[in-house]
Amino acid sequence: MTAAAPSPDRTAATAATAATAEEWPGVSPRHSRPPLGDATRVHLGPLARALTAGLLALGTGLGTPAHAQDRDHPDTERASFTLAAGFEANLFASEADGVIKPIQMRFDARGRLWVTGSSVYPQIEPGQEPDDKVLILEDTDGDGRSDITTVFADGLFIPTGLETLADGTGCYLGHGTELLLLRDTDGDGRADHREVVLRGFGTGDNHQNINSFTWAPGGELWFCQGLHAYGRVETPFGIVRLDQAGIWRLNPRTLRLEGFYGSAADPQNPWGFVFTDWGEALELAGNNSVVIFPAPGMVKRPKPAQPANLWPTGRGRKMSGGEIVGTSHFPDHWQRRLIVGGYLNNGVWTMTVHDHGSGFRLEDAEPLVTSSHSSFRPVDVKFGPDGALYICDWYNPIIGHYQTSFRHPERDRSHGRIWRVTATGRPLTPKPALATATAAELAQALASPDRWTRRFASRLLAEKPRREVITALAQPPAGTTTDTTTRPDTTRLEIAAKERLDVLRNHEALTWQDIDETLKAANPALRAQAARALQFVTSPFPPDQIAAALRTLAADPDPRVRLHAVIATSFLDTPEAVEIALIATDQPTDGFLDFALDQAVASLKPHWLPVLRDGRLSFDGHPDRLARLVRADGTPDTLDALRALWRSPTLDDASREAFLGILAEAGAPDDLATILALDDEALKARLLPGVTRAAQLRGVVPPGDLTTLARVLLDSRSPAVQNEALRLAGAWNLTPLKPVLLERASSSPGALAGLLALDPAAAAQLAAARLAADDGASQTTFFLPPFFQRAGGADALAHALQSTLPSPASAAAAQRTLSERGLAHPGITATLTQAAGPPATTWSWSSSFADTLAADARTRGNPARGRDIYLRPELTCTACHALNDQGGRLGPALDAVGAAQPIDFLVGAVLAPQKEIKEGYEAIEATTRTGDIIVGYRAPGPPHHLNLRDPASTTIRSLPHPSLTGEKSVGSLMPAGLLDSLSRDELIDLFSFLGSLGKSPAPTR
């Protein structure tokens, strides 16, 4: 067990020694704390720090540096760092300063660093009193090392995030179910006022509680919650709910709270925001290497949906806390990069941010810091007023709590670090004197080339009296010199105009002239800012005026301006709003804009649906806009209008096909008959799968003699139409067509599927005969998977294989096919093992075996040999798992698995796959009313549906609950026994390789 944490009140540097709390004069025992109004502040002058350094150097040996024996010494950790060329790092604060298990940090305008952390995470011990803290760290002599620690608040229980009041008098704090506001009202550096601002936030999983509080440019307080949190928050405007992973947005003046996203979609564990120079948010995540552009889903009534991942090369590198470079202290080529804390892989990653249509994409740049120290866990990064980057290091060899015991002896509860990274040989940024500046001086600072200065000038203006601020903002900023820390095409004047608009939004003081001037700006980033502002100004201005402005913005040539106009329409609550939103489709769209359009259409449906039914939605004579509405909505409510529209001679072919596709998926029997009667054979071939699904999922078939209809399709000149007709023969239960199915089932996937639906035993006998033939090995991928997609199919195949044993080559090929697809059936497995020959060894999991194997992998395993074993085709590892963007998607990517999990856990996960199932990879098997079996992972999607992601792709199938006869969990799709062909030494090497993944050196791009 690691040493117990120092006393919560022990903030002097020598807390790193073995002294107990009782040995410190005036310090309370472990579970007690001074009254709330008593300040705990320790000033470490140069002499004290030198003495401390000497004590640490002495350690336990006679003059031997402690870090020579102590892996937990800061110098040991610092020696493990590899920094990008031109940078150096020093320790700003540590457990010697009271920094224990830091979770999040924020600066105030005085340049002080506020830190919150938790020594009891992930679970408090029975009988223990929580005493987590908010600390304020100060560097009073400018040497880059904290010399004053103030305990601003204590007695806290796993505070997961904070954001400061800019003037340094207090902070907002995430504290379980509560959002707190802590203030120091008497100036002693200690919180003496505690206000519960809101309560009712979900606490289903304490590392997903409300976190990552960040002031948005317009003055709202943004924060996150994770997958297992369910919020029911009482506000002056009623109960606001947010289920699962999502974003909260709070107006602190009015306490209007909004929730966005709220589903099992990515990012499932959001943990932090950064805002670009133009106020565009990027959301980071502690799961699945996800960074999203959240704006497209931040509509008034969002619906669950999967947003685009901006960082597809993340490869398992989870992150939290981020910053964008905008300081002259960093070299020019580092400007505008995104820097994030890569806690999973013991690194600080950097990415370049690129405009990508209406959204963004990220590309990897060189890491700023990588470490070979397994306890280096950078969970937050923030630039300080000096231009240095500060890194919040949670310092722990174990980071999760799903996979490892809460009481695991390797959990560290007594250390924590704040590191400071500077550019070698470059002058620090002069610290601005903002805390004492007048409103006029702060208004001028909005044009600063330094992001930190602009941010805190804006925040301080937000906290000053409204009239004083408006007067100050009336004066234009001095100078129009090109701002080299922002995009090259921007000027300081344009940046200042954007910042001015944000401050006015803070004070709810925008005039129509402000908005009108901005939406006419030459720079599209400013026009997008105008569209964003229109989300928040619905009350001061006439609705017609707002609608007219949004019409202009929805037709803007810049896609991001159009995107923000679409988002703003969702806050109008008028039938006209959806017509305005769909103006954006007159020009090319992309994934981000399409996402926003789908969200806006769903959000506005209570307003446009009644008008659509009355035939009063004109779309300015653009039927293609109505087509886009139907595609976005796709519900029966729109079908009547659709039936009339698809025959319109002015409708484009793509929209007509889309309409008919919707009718196939959701329409009535006559709609299906319309599709079958089409003369265009190519179009019919593309639409027929929807007709098949209508029978399978909804039990809807066209009217008339189905056998005759199917024979007409079989006479088609199109092979694709013929193949789908054979599939329909099974879906429609056409027994007279069984001879045709038997004749073609050996070569046609549609015929095999149709035969399986009509007569599983006959299909199984056919498959068994082919697998017994000499060329059967080449047929396994054709014959085997369909039997697992039909109720009773696998049982029928198992019975047939017992009577007609497959050839040894076919059996071995069949084993690989089933493994690659995550398919398993005990009877089939037994027969294939009998035919192919049993493995030489059978490995099974036990706790003692896992411990022994893990120890051997760490001490004598060869990762290079292990990689070669991993790549063996017969193990099918690469068919199911991605590594460095190569491989399958059936299971989770393995790029960071070694940094995330201890080797003994990995042994259990592979040898006993059902023992530990990674979150998001528990497979569900659903059976339709017609006997089809669909297997996938749960995914976000329409309500009242079972939404399953295909394990081998990103396709999501939404199955209406009435169409299903049952669903069950089948657990992990990884079969047991995959490693039975390996020797023990090969096992050791393989797990040595898996245990190395994600650790230093950093993953290559």
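Tutor: In strand 17, the residue bridged to W248 is G259, while F223 stands opposite W248, which belongs to strand 16. Strands here are DSSP runs of E with at least two residues, helices are runs of H or I with at least four, and both are numbered from the N terminus. This is a predicted model, in which local features need pLDDT of at least 70 and side-chain atom pairs count only at pLDDT 80 or more, whereas totals for chains, interfaces and linings use all residues. Residues are numbered from 1 along each chain as its sequence is written, and side-chain values use heavy atoms, with hydrogens and water left out.

Now step back to the sheet around that tryptophan. It is an open sheet of 4 strands in the order 12-13-16-17, with antiparallel pairing; two strands pair if DSSP finds at least two bridges between them. Strands of a sheet pair through backbone hydrogen bonds, either parallel or antiparallel. At the edges lie strand 12 (211–215) and strand 17 (256–263), each pairing on one side only. Further in, strand 13 (residues 221–225) and strand 16 (residues 245–251) run antiparallel and are joined by 5 bridges. Strand 16 is also linked to strand 17 by 7 bridges, again antiparallel. The hairpin of strand 16 and strand 17 has 4 residues between the strands, and L255 takes a positive phi near 65 degrees there.

Although strand 17 is an edge strand, 6 of its 8 residues are buried. Buried means under 20% relative accessible area, exposed means over 50%, and partly exposed is in between (1.4 Å probe, protein chains only). At 18% relative accessibility, G262 counts as buried. Setting aside residues up to four places away in sequence, G262 touches L242, D243, A245 and G246, where contact means heavy atoms within 4.5 Å. Between G262 and W248, the C-alpha distance is 9.6 Å, with 14 residues separating them in sequence.

Two other loops hold residues with a backbone angle to check. R336 has a positive phi of about 70 degrees although it is not a glycine. R336 lies between strand 20 (320–324) and strand 21 (338–342) and is partly exposed, at 30% relative accessibility. T876, also not a glycine, has a positive phi of about 60 degrees. T876 is in the loop between helix 28 (863–870) and helix 29 (877–880), and with a relative accessible area of 3% T876 is buried.

A disulfide is a covalent bond between the sulfur atoms of two cysteines, and the cut-off used here is sulfur atoms within 2.5 Å. Searching the whole structure turns up 0 disulfides. The sulfur of C224 is too far for a bond, because the closest cysteine sulfur, in C392, is 16 Å away. C224 is buried, with a relative accessible area of 0%. For C880, the closest cysteine sulfur is in C877, at 8.0 Å, which is too far for a bond as well. C880 counts as buried at 9% relative accessibility.

L651 sits between helix 14 (639–645) and helix 15 (653–666), and its relative accessibility is 5%, so L651 counts as buried. Beyond its neighbours within four places in sequence, L651 is in contact with P623, L645, W646, R656 and F659. S963 lies in the loop between strand 33 (956–960) and strand 34 (964–971), buried at a relative accessible area of 2%. Apart from neighbours within four places, S963 is in contact with L697, T927, T928 and R929.

Finally, a word on confidence: pLDDT is the predictor's confidence in each residue, from 0 to 100. The chain averages 86, and 90% of the residues score at least 70. Over residues 1–40, however, pLDDT stays under 50, and the model has 91 contacts beyond four places in sequence for that stretch. Residues 44–66 are also below 50, with 28 contacts in the model beyond near neighbours in sequence.
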